[in-house]
Amino acid sequence: MGQIRHIIESQQFDSGFLSALFQHSQDLSRSGRGGPLGGTGTIMASLFYEPSTRTRFSFESAMYRLGGNVITTENAREFSSFAKGESLEDSIRILSGYADIIVMRHNEIGAAKRAASISSVPVLNAGDGAGQHPTQALLDLYTLHQKFHRLDNLRVAMVGDLRYGRTVRSLAYLLAKFKGVHLVFVAPEVCQMHDDILAYLDRQGVSYENNTNLDAVLPQVDCVYMTRIQKERFLDLNEYAEAAGKYRLSEENVHRMAPEAIIMHPLPRVEEIAPEVDSDPRAFYFHQAQNGLWVRMALILYALGKWD
Ligand code: CP
């Protein structure tokens, strides 16, 4: 039996995988529906212990569009046997007997890896606490590639909650694979990027800097990757109050960006991007979210061994 194709963390992907993913995602964006799962009865279990709009609905839509089926719980913390004290390991052991692929979001760092170590079917990490969100980073990378037709020599500012933000962690790991990338971290004092990522960037020889002046950074980068300050992850709400609202894009400062630069955001946003920015041609975040559908269709097919 071949190795099971789990998707757990960004470090697992190489450039060959990324090129194939981009090609499959583009092909699927053109066809929109259909593919090798039609009539096969393939089942995806979607197990979300944390709230989600984009990740859960895009994975579920992706599976239906591919011709497969979905079993799901709206809120696994309340409506699965987690509420009765069942361990993650036991839930995964059971679900992997009912489904051909499991997409899971969990509140604990490392939960996806634990699930994969038990599961007899592929596990796709849809976010594990403040750990990683690899499928988000893959759709982010696809969006950057679609816009710039390259991933080398990009200057990317990551702004906001870099301490608890799993999307920026996963994206930093992926961008580190490309030549000449420069990362600018713009974060409140209490939301700085963790040392494990900085150490990884150092080992990979990736250029990066910390800069607290967003307005000064805006004209210097190809992409401003905004993130929400995640109130739900703060143990000390005084720290949250210190960080909230510190960095914001609005009509007043977005004009400082280069005409060909783009604004990305994994969403949801709260106050870090003013609604009037949405009509700016550099606002890419809704397009980015749409790309999640095509990329997740491609990832489901990859995990099921259906890439030719
Ligand atoms: N980007 C993202 O993970 O969004 P959701 O929390 O809505 O899934």
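**Exercise 1. Decide whether Glu239 is buried, partly exposed or exposed in this predicted model, and find its salt-bridge partner.**

Solution. Start with the relative accessible area of Glu239, which is 23%. Buried would require under 20% and exposed over 50%, so Glu239, at 23%, is partly exposed. Next, look for the partner: the side chain of Glu239 meets that of Arg163 in a salt bridge, with 2.9 Å from N to O. This pair links distant parts of the chain, since Glu239 sits in helix α10 (residues 237–243) while Arg163 belongs to the loop between β5 (155–159) and α7 (166–175), 76 residues apart. Finally, check Arg163 in the same way: its relative accessible area is 23%, and Arg163 therefore counts as partly exposed.

**Exercise 2. Work out which parts of the chain are tied together by the salt bridge between Lys113 and Glu9.**

Solution. First confirm the pair: the closest N and O atoms of Lys113 and Glu9 are 3.6 Å apart, which falls within the 4 Å cut-off for a salt bridge. Last, consider accessibility: Lys113 is partly exposed because its relative accessibility is 49%, and Glu9 is partly exposed because its relative accessible area is 24%.

**Exercise 3. Determine whether Arg228 is buried or exposed, and name the residue with which Arg228 forms a salt bridge.**

Solution. The relative accessibility of Arg228 is 18%, so this residue counts as buried. Its side chain meets that of Glu232 in a salt bridge of 2.8 Å, N to O.

**Exercise 4. Describe the surroundings of Gln288.**

Solution. Begin with the location, which is helix α12 (residues 285–303). With a relative accessibility of 1%, Gln288 counts as buried. Leaving aside residues up to four places away in sequence, Gln288 touches several residues, among them Gln136, Tyr225 and His265. In the case of His265, the side chain of Gln288 reaches the backbone nitrogen at 2.9 Å.

**Exercise 5. State how the protein is divided into domains and how many residues of each are in contact with the other.**

Solution. Domain 1 covers 10–133 + 292–303, and domain 2 covers 134–289. Their C-alpha centres lie 25 Å apart. Across the boundary, 28 residues of domain 1 are in contact with 25 residues of domain 2.

Notes:
Residues numbered from 1 in each chain as written. Predicted model: local features only at pLDDT ≥ 70, side-chain atom pairs only at ≥ 80, totals over all residues. Heavy atoms only, no water. Helix = DSSP H or I, 4+ residues; strand = E, 2+ residues; numbered from the N terminus. Buried < 20%, exposed > 50% of the residue type's maximum accessible area, 1.4 Å probe, protein only. Polar contact = N/O pair within 3.5 Å; in protein donor to acceptor, adjacent residues only side chain to side chain. Contact = heavy atoms within 4.5 Å. Domains from an automatic or database assignment.
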